[in-house]
Amino acid sequence: MSSADNNDTYLYVIDPTSTELITRYTGSNPGSANLYDDDSAGNSQAQLTKTVQANKEYLVILTFYDPSVTSGAVTIRTTQ
């Protein structure tokens, strides 16, 4: 998942069944249940890669650092 806008973004992927704390994405911890990222895509853009369990719901939150920004583009890629 990544944000494709020029606004500073934060991205969260949360497993609502997990009690694990939210961890900053580093590329070496994609197996963590709950992740967030703010700059991995460069240019202040959020991006993370995570393998998720099939047929399970996750909470995905994309937010902008600047609260006056109300819209932007996001890309979510899925593979099987």
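1. Arg 24 is partly exposed in this predicted model, because its relative accessible area is 40%. Arg 24 takes part in a salt bridge with Asp 38, and the closest N and O atoms of the two are 2.9 Å apart. The pair links distant parts of the chain, since Arg 24 belongs to strand 3 while Asp 38 sits in the loop between strand 4 and strand 5, 14 residues apart. Asp 38, for its part, is buried, with a relative accessible area of 10%.

2. Turning to the overall layout, the protein has six strands and zero helices, and its pattern, read along the sequence, is β-β-β-β-β-β. Four strands form an open sheet in the order 3-4-2-5, and the pairing within this sheet is mixed. Strand 3 and strand 5 (59-64) stand at the edges, where each has a single partner strand, so one side of each is left without a neighbour in the sheet. As background, the strands of a sheet pair through backbone hydrogen bonds, either parallel or antiparallel.

3. Strand 2 deserves a paragraph of its own. Strand 2 (residues 9-14) runs antiparallel to strand 4 (residues 35-37), and three bridges join the two. Among the residues involved, Tyr 12 has Tyr 36 of strand 4 as its bridge partner, and Val 13 is partnered in strand 4 by Leu 35. Strand 2 also pairs with strand 5 in the antiparallel sense, over six bridges, and here Tyr 10 stands opposite Thr 63 of strand 5. Is strand 2 largely enclosed or left open by the rest of the structure? Five of its six residues are buried, so strand 2 is largely enclosed by the rest of the structure.

4. Ser 32 lies in the loop between strand 3 and strand 4, and a student might like to check where its side chain points in the view above. Ser 32 is buried, because its relative accessible area of 15% falls under the 20% cut-off. When its neighbours within four places in sequence are left aside, Ser 32 is in contact with Glu 20 and Lys 50.

5. On the surface, Val 60, Leu 62, Val 74 and Ile 76 form a nonpolar patch, and together they have about 310 Å² of accessible area. One of these residues, Ile 76, is placed in the segment after strand 6 (74-75). Ile 76 is exposed, because its relative accessible area of 51% is over the 50% cut-off. Thr 75, found in strand 6, counts as partly exposed at 26% relative accessibility. The C-alpha atoms of Thr 75 and Gln 47 are separated by 9.4 Å, although the two residues are 28 residues apart along the chain.

6. For the protein taken as a whole, buried residues make up 28% of its 80 residues. The protein exposes about 5400 Å², of which carbon and sulfur atoms supply 48%. Among the contacts with a separation of 6 or more, 57% are accounted for by residues 24 or more positions apart.

7. A word of care belongs at the end, on confidence. The mean pLDDT of the protein is 79, and 85% of its residues reach 70 or more. Where in the protein is confidence lowest, and where is it highest? Confidence is lowest in strand 1 (residues 2-3), with a mean of 54, and highest in strand 3 (residues 23-24), at 88. Where pLDDT is low, the predicted coordinates should not be read in detail.

Conventions
Residues numbered from 1 in each chain as written. Heavy atoms only, no water. Patch = residues over 30% accessible without salt bridge, like charges linked within 9 Å, V, L, I, M, F, W, Y side chains within 5 Å. Areas by Shrake-Rupley, 256 points an atom, 1.4 Å probe, with all protein chains shown as cover. Salt bridge = Lys/Arg side-chain N within 4 Å of Asp/Glu carboxyl O. Buried < 20%, exposed > 50% of the residue type's maximum accessible area, 1.4 Å probe, protein only. pLDDT = per-residue confidence, 0-100. Pairing = 2+ DSSP bridges. Contact = heavy atoms within 4.5 Å.
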